[in-house]
Amino acid sequence: MENYRGLKELRKEKKMTQIEFAESIGIERLRYAYYELGYADIPSEIVKKICEVFHVSADEILGMEQKNVL
């Protein structure tokens, strides 16, 4: 299982509850909570939906840091 630290940060930034966030992407709150806590992997179609709804990159959701490449 992954640690999706960017997911919780995004939700907090949008000042949304887990229920509100889950409803905005069309899933149940419990399923969303599992993703946020890292208990379940997020399917690619859900990552895509979050990116579309909240105008963020998958890297942000997955908590990946940008690294400078020379």
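This is a predicted model: local features need pLDDT of at least 70, side-chain atom pairs count only at pLDDT 80 or more; totals for chains, interfaces and linings use all residues.

Colleague: Which secondary structure elements does the protein chain have?

Modeller: Helices (H or I, at least four residues) and strands (E, at least two) are DSSP runs, numbered from the N terminus. The protein chain has five helices and zero strands, in the order α-α-α-α-α from the N terminus.

Colleague: Is His-55 buried or exposed?

Modeller: Relative accessible area decides this: buried means under 20%, exposed over 50%, and partly exposed in between (1.4 Å probe, protein chains only). His-55 has 71% relative accessibility and therefore counts as exposed. Its phi is positive, about 55°, although His-55 is not a glycine. Lys-15, in the loop between α1 and α2, likewise has a positive phi of about 55° without being a glycine; Lys-15 is exposed, with a relative accessible area of 74%. Of the 70 residues in the protein chain, 37% are buried.

Colleague: Which residues of helix α3 are buried?

Modeller: The general idea is that an α-helix has 3.6 residues a turn, so residues three or four places apart point the same way. In α3 (residues 29-37), the buried residues are Tyr-32, Ala-33, Tyr-35 and Glu-36. They cover an arc of only 160° around the axis, which puts them on the same side of α3; the arc is that of the directions from the helix axis to the C-beta atoms. Their cover includes α1 (5-13), α2 (18-24) and α4 (44-54).

Colleague: How many aromatic pairs are there?

Modeller: Rings of Phe, Tyr and Trp (its six-membered ring) pair if their centres lie within 6.5 Å; planes under 30 degrees apart count as stacked, over 60 as edge-to-face and the rest as tilted. By this rule there are three aromatic pairs. One of them joins Phe-21 and Phe-54, whose ring centres are 4.7 Å apart and whose planes lie at 5°, so the pair is stacked. This pair links distant parts of the chain, with Phe-21 in helix α2 and Phe-54 in helix α4, 33 residues apart. Both Phe-21 and Phe-54 are buried. The rings of Tyr-34 and Tyr-39 have centres 6.1 Å apart and planes at 65°, so this pair is edge-to-face. Tyr-34 is partly exposed, at 37% relative accessible area, and Tyr-39 is exposed, at 55%. Ring pairs also link Phe-21, Tyr-32 and Phe-54 into a cluster.

Colleague: Which residues have the most contacts inside the largest nonpolar core?

Modeller: A nonpolar core is a set of buried Ala, Val, Leu, Ile, Met, Phe, Trp, Tyr and Cys residues joined through side-chain atoms within 4.5 Å. The largest has 19 residues, and those with the most contacts inside it are Leu-7, Phe-21, Ile-42, Ile-50, Phe-54 and Ile-61. Helices α1, α2, α3 and α4 each supply at least two residues of this core, and the largest share, five residues, comes from α4.

Colleague: With which residues is Leu-7 in contact, leaving aside its neighbours within four places in sequence?

Modeller: Contact means heavy atoms within 4.5 Å. With those neighbours left aside, Leu-7 is in contact with Phe-21, Tyr-32, Tyr-35, Glu-36, Ile-42, Ile-50 and Ile-61. Tyr-4 lies in the segment before α1 and is buried, with a relative accessible area of 4%. The C-alpha atoms of Tyr-4 and Glu-36 are separated by 5.9 Å, although these residues are 32 apart along the chain.

Colleague: Where is Arg-11 found, and is Arg-11 buried or exposed?

Modeller: Arg-11 is found in helix α1 and counts as buried, at 7% relative accessibility. Leaving aside its neighbours within four places in sequence, Arg-11 has contacts that include Gln-18, Phe-21, Tyr-32 and Glu-36.

Technical notes. Residues are numbered from 1 along each chain as its sequence is written. Side-chain values use heavy atoms; hydrogens and water are left out.
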